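Visitor: I am new to this structure, and I would like to be walked through it slowly, one question at a time.

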Amino acid sequence: MHSLYEIETTVKRSSRAKGLSWGLSEEAGKAVRLLEQSEFQGLESFKRLIDLGLSGLNKLLDIDQSDTSNLCPIHFGIFFLDQSHNEDIHRSHNFKNLNEPLLILPFLSKSAKNNLLYFHFHSSNLNFTISPGDIYFFDQNMFPEYISDFSLSITTQRKSIYSQSTWDYLYKLSLETFVEETEEKKISGAGAGLTDND
Amino acid sequence: MHIELRKPEIVMKLDRLGSFHQSKLSFLRSFIREFKSWDFKTKEFFLNDQGFGHIVYEVNKGQKKYSLICFSNHIENTERSDRVIATKWDASFVLFDGVPAKADIERLKANVPLQEQGRVSEKELCLSRANKSVRVFEHVVDKLSQGEQPDTKLLYDVGYLYRTTAVYGSGKFGLADRIKVQDREELKGPFRLEMMLVYLARQFTFDVVNHVAHSRSPEKAVRLSEDIARNLGIGNSTGLGMAPFIVNHPALLNQWIIAKEKALKLIRSISSVNQNDKNTFQLYLTTIQENIKFWKTESEYQKNKNRQLLKDLDSFQSFFSTTSLDKFFWNTIYKWIEANTQAECCEFIVSLMMEVYPDIVEPLSYEMSINEDEYFDIDTSRTIDEICKLIENQYTWLLNINFDNKENVFNFWYYSKNKQEPRMSDRFTEEGSDLELPLAIARDISALYNDLKSCKSDKDLGYYLLKNQEYRHILRRVLICEQLPYSEIQDNTISKTLIPVDMLRLKLSFFGATRFDPRSDRWVRITMYQGAPLMKEISKSDDTWSYKKIA
């Protein structure tokens with residue numbers, strides 16, 4: 001089990017290692033942290049995104065851009081986070097396809113809160129609404145009028161919902177932002193080399 | 001008279017921040033104030049004759065409980081190696097949330113001594129390790145076992161029996177995330193848990209020497225005098241790992257600094273000061289001048305600062321003694337020290353002034369935390385023109401720095417793959433600058449400013465960010481600084497002339513460290529809790545222990 005701090009920093013560094021700016025990497029780290037805290041498989045989703053190759057994915061940079069296929073969810077989410085204050089985009093938009101849609105949730109959620117907006121997402125296999133409130137609906141038809149024999153489990157324990165191999169891969173990737181130290185650099189970089197015995 | 005807060009352009013200079021001293025706002029002191037009404041006890045004591053094994057201390061109040069589990073291990077002298085590459089330590093500590101079960105202790109016994117190489121869980125809150133000061137430890141054990149007290153000159157020259165080399169918290173290595181504990185009333189101040197760990201680790205150091213001395217000579221051994229123990233703290237060696245923290249947490253830094261600045265402003269605004277207040281100040285001043293002689297260092301940089309401090313304190317004493325208690329006495333005092341002394345002395349006097357007014361200062365210690373996430377989002381409706389003006393007003397100090405000059409971009413900060421800690425190196429001779437950490441704030445804000453100036457000024461940040469995401473992290477800082485003006489160090493953190501140890505000193509002063517002993521420009525040895533009440537007498541603490549005379 002990894003702490004949320006470890007998840008956030010590992011995703012931030014992995015994003016950076018894959019070429020995102022530090023600012024975007026910070027956003028990606030916070031987004032995956034929020035998903036994991038909410039017990040969504042953010043880390044697994046992020047790993048699949050990395051496997052797809054971040055640089056090869058299409059960035060949403062203009063709401064009216066012609067090519068909206070193979071969209072990157074981080075840039076898609078950031079687009080709406082950054083642009084939603086602009087009323088010109090408060091309408092319906094159609095897009096061709098989006099990878100790992102789970103990853104857009106934290107960005108839309110923030111944007112909804114910051115700008116008091118509602119995002120209604122419709123596709124043949126996924127429907128949800130993000131509102132400025134804290135309760136989201138993931139396909140309202142999922143909710144029956146009556147339930148019986150149900151249980152409610154309450155725990156402070158967050159579940160680990162990603163595989164060890166996913167973690168190992170991302171952690172290793174995050175180390176690519178680190179600098180291998182020579183013996184010389186160990187001394188110059190940290191001011192070490194002096195024995196600390198007294 | 002209306003007294004203003006000192007301006008960020010004065011306070012946030014690194015040579016001033018690097019001259020800060022411990023004060024009533026320091027975290028180890030606010031920890032003792034907060035926890036003095038709690039019950040501290042030794043819960044388990046399993047050390048062998050050589051002092052190896054484990055001890056558990058418990059801190060509780062009603063149902064609330066914390067436990068420090070201390071592991072004491074044998075290491076060979078050859079393994080007690082250089083601080084940075086060490087993998088074994090004499091002692092390792094973990095602060096547990098609640099009371100550990102036997103299985104927890106077994107699990108932790110297998111992991112805590114490994115430190116970064118081990119794993120802990122969300123049940124644990126902080127992790128640390130320490131090494132003995134070998135010559136002091138042996139001397140103390142030897143003397144106690146012979147029925148004598150140790151040589152206090154030797155002891156007070158060093159100041160501690162063990163020194164820690166790292167204290168980890170907030171989610172590192174699997175520890176509990178900060179969100180688990182942030183709403184607990186007793187933890188409403190920064191680094192409370194880390195301060196608890198270090199305080200209990202200090203008690204561990206006394207318990208180990210007493211135990212080993214008694215084991216060596218059960219008939220003759222005496223216990224370490226409590227007066228001597230009280231004058232010992234716990235040491236700490238701190239390297240560059242700590243420096244980026246204050247750059248990476250601008251909102252938190254603002255809270256620390258503004259609490260101090262508010263305290264100073266409120267004290268300077270006192271219109272009528274009585275003789276008792278002046279006498280109290282004088283008492284502290286006299287005592288601490290005596291204690292300064294125990295500040296030992298081989299660092300010429302620190303020696304010069306200490307010499308200048310003593311010289312400035314001499315002239316200050318003359319001024320203070322002859323200044324009558326006219327209206328706004330402390331404001332008169334402050335204006336004199338600002339005009340006539342170096343930063344080291346000026347900040348020293350500011351800390352002393354705070355001692356006289358606990359009712360003013362202590363409540364401010366509850367304002368030193370902040371929810372950083374509230375400042376994370378960028379308001380992209382702001383115009384480019386607004387951001388340019390913000391930079392011109394808040395970052396005036398950097399606009400004239402020439403970043404084409406090699407000396408101004410000399411260093412780069414990076415994460416060491418070997419130690420997973422921040423480090424700093426020469427950009428022009430060392431490899432790795434392509435993996436530079438985003439800590440070159442001055443350079444990057446300058447680049448952002450120049451870029452913004454080339455854009456249409458009436459466009460908003462949303463428009464700008466569509467094609468300029470490389471400056472996103474910097475824009476965030478500019479907007480934080482607009483709301484929190486003490487959030488930014490106003491110096492170039494990559495220049496050749498940077499003295500990183502000043503960044504360490506800033507953070508350590510807020511921790512409450514004393515006896516700053518820089519071992520190079522990149523790491524420093526300090527002492528914590530020297531003079532503090534012992535565990536069994538914490539309830540009697542009146543928070544004046546920092547200014548007790550070291551015998």
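What follows is a short exchange about chain B of this predicted model and its contact with chain A.

Visitor: How does the radius of gyration of chain B compare with what the globule rule gives for 551 residues?

Guide: Chain B has 20 helices and eleven strands, and its C-alpha atoms fill a box of roughly 85 × 60 × 50 Å along the principal axes. The globule rule gives 24 Å for 551 residues, and chain B is as compact as a globular protein of that length because its own radius of gyration is close to that, at 24 Å.

Visitor: What span should the twelve residues of helix H13 of chain B have, and how far apart are its end C-alpha atoms?

Guide: Helix H13 of chain B covers residues 329-340, and its buried residues include B:Trp330, B:Ile333 and B:Ile337. Among the elements covering those buried residues are helices H10, H12 and H14 of chain B. At 1.5 Å a residue the span of H13 should be 16 Å, which agrees with the distance between its end C-alpha atoms, 16 Å.

Technical notes:
Residues numbered from 1 in each chain as written. Chains lettered and ligands numbered in written order. Predicted model: local features only at pLDDT ≥ 70, side-chain atom pairs only at ≥ 80, totals over all residues. Contact = placed C-beta atoms within 7 Å. Helix = DSSP H or I, 4+ residues; strand = E, 2+ residues; numbered from the N terminus. Expected span 1.5 Å × (residues − 1). Buried ≥ 20, exposed ≤ 12 C-beta atoms within 10 Å, placed from the backbone. Rg over C-alpha atoms; globule rule 2.2 N^0.38 Å.
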